[in-house]
Amino acid sequence: MTKENQDKLIEAFATALNIDNSAVTEQLAYNTIPEWDSTAHMVLIAELEDVFDIMLDTDDIIDMSSVAKAKEILIKYGVEM
């Protein structure tokens, strides 16, 4: 992931989950912090779609279980890594 896209990904997670950028690590996963619940997950999806100008498939929305997985999924949509 380019540095610019990496920064955009971190900012998207931080904004959607209302957490500090420093809390966004590769290991951050769904339901491991109170801020990343099912409601916040949908906010996160909307944020990622907006930031990267993509439309995620339902399977990818369900499969996006961590920051690391989000990166894998974004690659599928042509986001430069």
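Two residues are in contact when heavy atoms of each lie within 4.5 Å. Keep that cut-off in mind during the tour.

**Before you start**

This is a predicted model, in which local features need pLDDT of at least 70, side-chain atom pairs count only at pLDDT 80 or more, and totals for chains, interfaces and linings use all residues. Residues are numbered from 1 along each chain as its sequence is written, and side-chain values use heavy atoms, with hydrogens and water left out.

**Stop 1: Phe52**

Select Phe52. It sits in helix H2. Helices here are DSSP runs (H or I, at least four residues), numbered from the N terminus. Phe52 is buried, at a relative accessible area of 10%. Buried means under 20% relative accessible area, exposed means over 50%, and partly exposed is in between (1.4 Å probe, protein chains only).

Which residues does Phe52 touch, leaving aside neighbours within four places in sequence? Show Asn5, Lys8, Leu9, Leu74 and Val79. Phe52 and Met64 are 12 residues apart in sequence, and their C-alpha atoms are 15 Å apart in space.

**Stop 2: helix H1**

Select residues 3–17, which make up H1. Count 15 residues. From first C-alpha to last, H1 reaches 21 Å, close to the 21 Å expected at 1.5 Å a residue. The expected span is 1.5 Å times one less than the number of residues.

Colour the buried residues of H1: Asn5, Leu9, Ile10, Ala12, Phe13, Ala14, Ala16 and Leu17. They pack against H2 and H4. An α-helix has 3.6 residues a turn, so residues three or four places apart point the same way.

Zoom in on Asn5, in H1. Is Asn5 buried or exposed? At 10% relative accessibility, Asn5 counts as buried. Beyond residues up to four places away in sequence, Asn5 touches Phe52, Val79 and Glu80.

Step just past the end of H1. There, Asn18 takes a positive phi of about 55 degrees.

**Stop 3: helix H2**

Select residues 38–52 for H2. Its 15 residues should span 21 Å at 1.5 Å a residue, and its end C-alpha atoms are 21 Å apart, which agrees. The buried residues of H2 are Ala40, His41, Leu44, Ile45, Leu48, Glu49 and Phe52. They pack against H1, H3 and H4.

Pick Ala46 in H2. At 44% relative accessibility, Ala46 counts as partly exposed. Draw a distance from Ala46 to Ala12. The two are 34 residues apart along the chain, and their C-alpha atoms are separated by 9.5 Å.

**Stop 4: where H1 meets H2**

Show both helices. H1 and H2 pack at an angle of about 145 degrees, with their axes 8 Å apart. Axes are lines fitted to C-alpha atoms, for helices over the stretch in contact, and angles run from 0 to 180 degrees between N-to-C directions. The crossing is right-handed.

Select the H1 side of the contact: Asn5, Lys8, Leu9, Ala12, Phe13, Thr15, Ala16 and Leu17. Ala, Val, Leu, Ile, Met, Phe, Trp, Tyr, Cys and Pro count as nonpolar, Asp, Glu, Lys and Arg as charged, and the others, Gly among them, as polar.

**Stop 5: where H1 meets H4**

H1 passes H4 in a right-handed crossing.

Gln6, Leu9 and Phe13 in H1 meet Val67, Ala70, Lys71 and Leu74 in H4. This contact holds 5 nonpolar residues, 1 polar and 1 charged.

**Stop 6**

Select Asp60 in helix H3, residues 58–63. Asp60 is buried, with a relative accessible area of 5%. Setting aside residues up to four places away in sequence, Asp60 touches Ile73, Lys76 and Tyr77.

Finish in the loops. Asn31 lies between H1 and H2. Its phi is near 65 degrees, a positive value in a residue other than glycine. Asn31 is exposed, at 52% relative accessible area. Asp53 lies in the loop between H2 and H3. Phi of Asp53 is positive too, near 50 degrees. Asp53 is exposed, at 71%.

Conventions: Helix = DSSP H or I, 4+ residues; strand = E, 2+ residues; numbered from the N terminus. Left-handed = near helix turned anticlockwise from the far one by under 90°.
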